[in-house]
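Hi everyone, thanks for making time. Let me put the structure up on the screen, and then we can walk through it together.

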Amino acid sequence: MSVSGKSVLKRLDWFSVLIYISLVFIGWINIYSSTFTDDNPSIFNFSSLHGKQLFFIGTSAVSIIIILALEANFYERFSSLFYIISIVLLLGLFIFGKTIAGATSWYDLGFFNLQPSEFAKVATALALAKYLSDIQTDIKRQKDQMIAILIILIPAFLIIPQPDPGSALVFFALIFVIFREGLPLYYLGIGFMVILIFILTLMFGTIWVGIILGLLLALFLLLKKPSFKVPIIPVILIYVAIVLFSLSVNFVFNSVFEQRHRDRFSLWLRLEKDPKKLEEIRKDIGYNTYQSEKAIESGGLSGKGFLEGTRTKGDFVPEQHTDYIFSTVGEEWGFMGTATVVILFTTLLLRLVYLSERQKNDFSRMYGYGVISILFVHYFINIGMVTGVLPTIGIPLPFFSYGGSGLLFFTALLFIFLKLDANRLNELT
Amino acid sequence: MRKILLSSIILLVGITFIGRLSYLQIFSFSPNQILEDPAIKAVYDYPERGYIYDRNGELLVANQPAYDVMVIPREVKPLDTLEFCNLLGIDKERFVSQLKKARVYSPRLPSVLVPQLSKEDYGRLQEKMRRFEGFYIQKRSLRYYDTNSGANVLGYISEVNEWDLERNPSYAAGELKGTTGIEKEYETILRGRKGVKHIQKDRFNRDIGPYKSGSLDTLPEQGKQITVTIDKILQEYGEKLMTGKHGGIVALEPASGEILALISGPTYDPALLVGRERSRNYSKLHYDTISKPTFDRSILASQSPGSPFKTINALVALQEGAITPETTFHCYNGFYVGKRKRGCHCGGGTRNLNSGIYLSCNAYFAGVFRKIYDQFPTSAEGMDAWEKHVKSFGLGTFLGYDLPTGRPGRIPNKEYYNRIYGENRWSSSTIISNSIGQGEVEVTPIQLANMTAAIANRGHYFTPHVLKKIGADDISIPEFTEAKHTTIDKKYFEPVVQGMAEVYKKGTAARLQIEGIEIAGKTGTVENFTRINGERTQLTDNSVFVAFAPVDNPKIAIAVYIENGYFGSRFAGHIASLMIEKYLKGEITRVDLEKRMLEKTLEAEYAKPYSGEPFKINERVW
């Protein structure tokens, strides 16, 4: 069942590969611009950040060749092992971890800092697919649902104390895979309600949430068809539960959250009404978002041009080559550039959904969904944060942001799936 | 449902992002990026303000450096406050409050801590400045005056205000601009154009090089020097003579309309409005409501002209054929208006044009005035003709000289009198005071001087102006170089000029002759009134004198208006005579006359209305 290199290249989904190359290329151009200084203009200077990124791109290219050359069922067979390794690596961080910028998330390999949480994303996606596709697993069973969710939660909880809540959040996105495979949708509904009530409570307070919910309920009871019997006691219990949850939100927000978390929410939901305090928050924790919004805004329709971004040159947006790389696109390439990037991501993700759905093999499809979930949540949170739609959660933009581990494992994540996809016809024989 | 859930979310997010981005980059986008961008700082390069020279190339106004101590609050490190305050020569409270003010304005941007250090303070401070982080010394240019005269005509410069900023985008806060006088009138020439450099800054506000390699930068354009028509020596001399007197002197060159001297008394030293004491001095000048030193009486004081106006009435009458030089009127030590007698100081007797002028006979000119109106079927038509002729001398108009302020004076017309008396309810007798320059006519000293220049030129004048050269080029502004003709024929001027020459020979100014110079002039002694506690009170007469010399080919025409100086031949006549001699001869031969003018002041006269006690007017002073 081995596949020759030639047929892999023939069956590879070149459309996805093309978008991948475009994103990596555009990303590098913008890293070059945001780290550019007049006295260091050489492209192949490996001591500069853009030079290093070029090296990482090369490494990724090599990894692509290796990934495509390996047998397709290698990934399924060893997925449990990868998962265990990644858990061990995450645990090892507590002892051997290297701290960069306050987070103990790296192993120092001398020439390279390895970030095991990136590896864990790939491993968890593989492990989840493996578990769900197992003939023994029935997603309708509560026990199996719990195990699936546990597979996601273990690495997430190991990453939170690094602290790197942003990366941990990414794992929750894998829930999408379980939904695709049959987790009842009301889980999603409950999750959505929880978030909604959380936000509404912060914005309007428990009393208003209670009153409005009560009014809606009353309205519903008045307008319902007489034939429709309402289970009165459960409804009242749910109502009470919601009000209690709403009360607990205040408690959590005021007692469990730290001030910096509260500030982020205050800024995001415009909770702070005093313009002076808002301005202070904006200068303090909102500084990054504010500067990045301004940089994007100043680009206008067509941007200021390559290497002409004044705010980029002046380093006004912190971390611009990593998490805030999208603001460089906004400033130098304008709306044309940002819209192109958004369209590229949307197209890639939709293409991957299409590819996943055409898989005959359950493992491949589930892994595909894992890839989509992980890429999507990065893209959604990152661009949401940089454009000021979401609160600040520091995670990189896939294929775009500066960083070796990130690029390498995003590449691996994608190309393992593309390899599986290229192999799908062989599965039939 | 499960299959399309994720796809729908992906699409929805994509659309949301495109929406958010178009809001940011298309709807919120402001085209004035370069002004709002914190990464680009415009640094201005100020050209030096142009110098001002007098008509003979003597320097009047130049520039001097001044040193401001600046502070950037954010960069201030703990320092020895006491030592620093001692160096700056300020007390600690002031230092603390200034620093606080600067911090409130902006912690990142420089503010002035102590403005305009003296050169000595600068010298002491400069070496030690390095030890005080966050402070530095900025050099700027202030005006330097090479004369203590001409404050009002030269004008001063001051910081632009909100209004200027709104109206004129080329100004920036803190810049200086000409606010009055020549500085204001020729602001754009003197100012030049500032250059701008766009500097790319990083977020720590450090320079990291020129923006777009300087392609948007401009070089400063130097302010041009100008030469004005003022004669520095004459101006200074006139101001000296005006010591202790209120009023104005205007001297013109009749052949060109150039203003040789524009003197207002009392005045002030222009250097008072430069430097650290500026605002204190300005308040002092501004709130001196008795002598009003910033009020330029030479162009703003609109008052009755008195007898010099008789010459105009004579010219109008000759032109309209109402009289000939031989026409006589009898003076009964006065004249009658109905049953009321109006006085005359000429001594009485029969007067013709010549003696009417040199003895300044009121009765004669009352007769002349009536005769003008008798030429016309109605007073209104007479008025129209009279008004037309009088206004052709530039009276009752702003004249159009190149200074930013002025008054039109007043030449009444028929509408004016219709409003007061009702239509057809007035006649030449009603308004007879105008015949002798009292009544409703009002002129400013510069109008009086211009009128004299028109007589000196026998029928035309050039709009008075102060600008002579821009850079090295003579001006060619038609407004100033083309003659304005009066409506009086040239032939009628000679007899009037003759009369004015006789004023010096045997008339009211006989004692003021200058050896070797033939002068034509006319005295004026103007009744005037003020209100004291709501009561109309007569004050000592204003002393007025107009003159030009030499009679043939005149080089100077002058008007002197001295408030409460009594007879025209006294203060005004003396001053006019001295000014003419100074200008034409360059030296004063009649030292006693000069000494008297320098010593005598009218302070006592000006104090009278404010004394709160009854006072006598028109007292004999010498």
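In chain A, take the contacts between residues at least 6 apart in sequence: 70% of them join residues at least 24 apart. Two residues count as in contact if their C-beta atoms, placed from the backbone, lie within 7 Å. Chain A has 20 helices and 3 strands; helices (H or I, at least four residues) and strands (E, at least two) are DSSP runs, numbered from the N terminus. Of the 429 residues in chain A, 43% are buried. Buried here is defined as 20 or more other C-beta atoms within 10 Å of a residue's own, exposed as 12 or fewer, and partly exposed as in between, with C-beta atoms placed from the backbone.

Now some housekeeping. This is a predicted model, where local features need pLDDT of at least 70, side-chain atom pairs count only at pLDDT 80 or more, and totals for chains, interfaces and linings use all residues. Residues are numbered from 1 along each chain as its sequence is written, while chains are lettered from A and ligands numbered from 1 in the order in which they are written. The predictor gives the complex an ipTM of 0.89 and a pTM of 0.67. Chain B has a mean pLDDT of 89, with 99% of its residues at 70 or more; pLDDT is the predictor's confidence in each residue, from 0 to 100.

So where do the chains meet? The contact takes 34 residues from chain A and 31 residues from chain B. On the chain B side, the elements giving two or more residues are helix H1 (2–27), strand E8 (195–201) and strand E9 (207–210). H1(B) supplies the largest share, 17 residues. By type, that side of chain B divides into 16 nonpolar, 8 polar and 7 charged residues.

Let's follow E8(B) for a moment. Strand E1 (residues 40–45) of chain B pairs with E8(B) in the antiparallel sense over 6 bridges, and Ala42(B) stands opposite His198(B). Pairing needs at least two bridges found by DSSP between two strands. E8(B) is also joined to E9(B), antiparallel, by 2 bridges, and there Lys201(B) has Asp207(B) as its bridge partner.

Elsewhere in chain B, 5 strands form an open antiparallel sheet in the order E12-E11-E23-E22-E21. Strand E12 (258–265) and strand E21 (520–532) of chain B are at the edges with a single partner strand each, so one side of each has no neighbour in the sheet. Strand E11 (residues 247–253) of chain B pairs with E12(B) over 7 bridges, and Glu253(B) has Glu258(B) as its bridge partner.

Finally, the cores. A nonpolar core is a set of buried Ala, Val, Leu, Ile, Met, Phe, Trp, Tyr and Cys residues joined through C-beta atoms within 7 Å. Which residues have the most contacts inside the largest one? In that core of 121 residues, they are Ala251(B) and Ile558(B). Beyond four places in sequence, the residues that Ala251(B) touches include Leu234(B), Ala449(B) and Ile558(B). Apart from this core lies another, of 100 residues, with Tyr32(A) and Phe345(A) among them.

Conventions:
Ala, Val, Leu, Ile, Met, Phe, Trp, Tyr, Cys and Pro count as nonpolar, Asp, Glu, Lys and Arg as charged, and the others, Gly among them, as polar.
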